[in-house]
Amino acid sequence: MSDDGHEQTGHAKVPSRQRRRFPGISSRAYEHPADRSALVALRKLSGFDTVFKALSGLLPERSLRLLFLSDSVRVSDQQFAHLNDMLRDACYILDLEKVPPMYVNQDPQPNAMCIGLDEPIIVVTTGLVELLDEEEMRAVIGHEVGHALSGHAVYRTVLLFLTSLALRVAWIPLGNLAVMAIVTALREWFRKSELSADRAGLLVGQDLKASMRGLMKIAGGNHLHEMNVDAFLQQAEEYEAGGDLRDSVLKILNVLPRSHPFTTVRAAELKKWSESRDYQRIMDGHYPRRSDDKDTSVADSFRESASHYADHVKNSKDPLMKLVSDIAGGAGGLGGRVRRGFDGFTSSPPPNDRPADAPPREDD
């Protein structure tokens, strides 16, 4: 049903609770600035265009579709009808003209993905279907439809293929190095794209609490009576601000192999966006339209991304980001701060090469 209560052609089966829809919405409305900048950086990676064009003709997309068709359950009016209603509703809200096929795959690991080169396919696992309630699942399906609207499925498919390829050519040093460079860049982009898709999920579900519950369940299982949203978000705060420079380095090393950001970080990012003026403007009907995408300046998008990163570094509580901000600001005493930040990597204090009676330096 539309906001005025009239039934829309092709969308007869939508949930009874009315939600605001966004006719002609551009993915620019909800895309995280880091998503766009990471994608720009990815496309500038040496050799990426060559690899991407080659893989576009080699990837067995028809085989992939046949695989899901033959060994998964396709969502329809006859199978997983409640998921089909959610999918159609999500496409209706985000004004995605063609509803992508969706499959339920037997896998106890909660997961969902949007893949495909020519046309996107959405896949959700039985573990996810059994874990989430209706409103939580609606946010997840909106998340995947957001990936489809943003055109993320193509790069996700390339990432899956290259990850598999990297394992096969691991014995070839230079070959593996080249593939892993692109895989690492793709993972960096995909982690950022998840933040964009989380926003799309919120636009579809329009229920922040449900989005938060879903992320908590993905992190801690179906034990909501044992969990608390505020405490969960506090974990993100502690993760962001805690520790010293050693912890900052460990955070980077921990996240590098992952395709998704850490769950607490995703929850905190989504809550922050839900409270922003940008989100409220979208809900009020003021958002970029797809019809204007052709007139969008790449330079403007890049400047917006650069501004986001600058603000992130400036306002971050992470010790490494604070150090970077201080360096950019020309703060004094950085030598001592770096040395103190990494105390503990060595078992003994750094040698003092100054005379005992020398006056203390500014950074001591």
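Reply: Cys-91 is buried at 1% relative accessibility (under 20% relative accessible area is buried, over 50% exposed and in between partly exposed, with a 1.4 Å probe on protein chains only). The model is predicted, so local features need pLDDT of at least 70 and side-chain atom pairs pLDDT 80 or more, while totals for chains, interfaces and linings use all residues. Numbering starts from 1 along each chain as its sequence is written, and side-chain values use heavy atoms, without hydrogens or water.

There are zero disulfides in the structure (pairs of cysteine sulfur atoms within 2.5 Å). For Cys-91, the nearest cysteine sulfur is that of Cys-114, 9.8 Å away. Cys-114 is likewise in no disulfide, and is buried with a relative accessible area of 3%.

Arg-138 is also buried, at 1% relative accessible area. Arg-138 sits in helix H6, residues 134-150 (helices are DSSP runs of H or I, at least four residues, numbered from the N terminus). The Arg-138 side chain makes a polar contact of 3.5 Å with the side chain of Asp-89 (N or O atoms within 3.5 Å, one able to donate a hydrogen and the other to accept it; residues adjacent in sequence count only if both atoms are side-chain atoms).

Definitions and conventions. Helices (H or I, at least four residues) and strands (E, at least two) are DSSP runs, numbered from the N terminus.
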